[in-house]
Amino acid sequence: MQGWHQHRLGNGEVTETINKEKNPSTTPKREKQLKTVGTMKKRPSPVEQALRVVRAKTDTPKYGTSVIDVGAPADWVKINVQKTRECFEIYALVPGLLREEVKVQSDPAGRVVISGEPEQLDNPWGVTPFKKVVTLPTRIDPHQTSAVVTLHGQLFVRVPFEQPGV
């Protein structure tokens with residue numbers, strides 16, 4: 001047997017520890033270098049992704065749009081507007097509000113009104129009633145406007161352009 005162990009004699013006596021090495025040299029063994037396979041990267045949550053997009057793009061109005069607070073300012077509501085070939089896309093962060101507490105209205109002149117009123121006015125998160133008017137530079141089709149609120153407090157509004165001759 002190799003390694004360290006105590007050697008038992010036939011009569012039950014134990015002798016000193018025997019340590020046999022295959023490599024009797026006195027130089028230490030080379031240690032293996034560990035390879036780094038890769039580290040787990042933390043993927044940002046959808047809320048964090050949307051917040052980054054909104055923070056990056058809310059500083060300057062684009063496409064001739066404007067966002068105006070009606071009543072008390074609600075700086076906690078972030079709004080971003082993107083223009084595609086067939087519509088405007090409005091992204092808004094309304095954290096702490098349920099789908100039933102958010103209301104979106106639009107008119108053909110290019111105004112979209114986003115308002116929200118929490119069920120509990122004395123909530124610990126600081127969510128207060130708000131009303132914001134997004135003014136778009138072109139006429140829109142209010143009958144085709146659609147809005148979706150996610151469970152994470154993200155609002156997506158699709159506002160198609162008015163079709164000529166319809």
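Helices (H or I, at least four residues) and strands (E, at least two) are DSSP runs, numbered from the N terminus. The structure is a predicted model, in which local features need pLDDT of at least 70, side-chain atom pairs count only at pLDDT 80 or more, and totals for chains, interfaces and linings use all residues. Residues are numbered from 1 along each chain as its sequence is written, and side-chain values use heavy atoms, with hydrogens and water left out.

The protein chain has a mean pLDDT (the predictor's confidence in each residue, from 0 to 100) of 78. A score of at least 70 is reached by 64% of the residues. Confidence is lowest in strand 1 (residues 3-8), with a mean of 52. Strand 10 (residues 154-160) has the highest, at 96.

One helix and ten strands make up the secondary structure of the protein chain. Their order from the N terminus is β-β-α-β-β-β-β-β-β-β-β. Of the 166 residues, 27% are buried. Buried means under 20% relative accessible area, exposed over 50%, and partly exposed in between (1.4 Å probe, protein chains only). Among contacts (heavy atoms within 4.5 Å) between residues at least 6 apart in sequence, 48% join residues at least 24 apart.

Four strands form an open, antiparallel sheet in the order 4-5-10-9. Strands 4 and 9 are the edges, each pairing on one side only. The twist averages 15° from one strand to the next. Axes here are lines fitted to C-alpha atoms, for helices over the stretch in contact, and angles run from 0 to 180 degrees between N-to-C directions. Two strands pair if DSSP finds at least two bridges between them. Strand 5 (residues 87-93) and strand 10 are joined by seven bridges in the antiparallel sense. Ile90 lies opposite Val157 in strand 10.

Two loop residues were examined. Pro142 sits between strand 8 (130-135) and strand 9 (146-149). Pro142 is partly exposed, because its relative accessible area is 22%. Leaving aside residues up to four places away in sequence, Pro142 touches Ser106, Asp107 and Pro108. Gly110 is 32 residues from Pro142 in sequence, with 8.6 Å between the C-alpha atoms.

Ala72 occupies the loop between strand 3 (66-69) and strand 4 (78-83). Its relative accessible area is 52%, so Ala72 is exposed. The C-alpha atoms of Ala72 and Lys131 are 8.3 Å apart, across 59 residues of chain.
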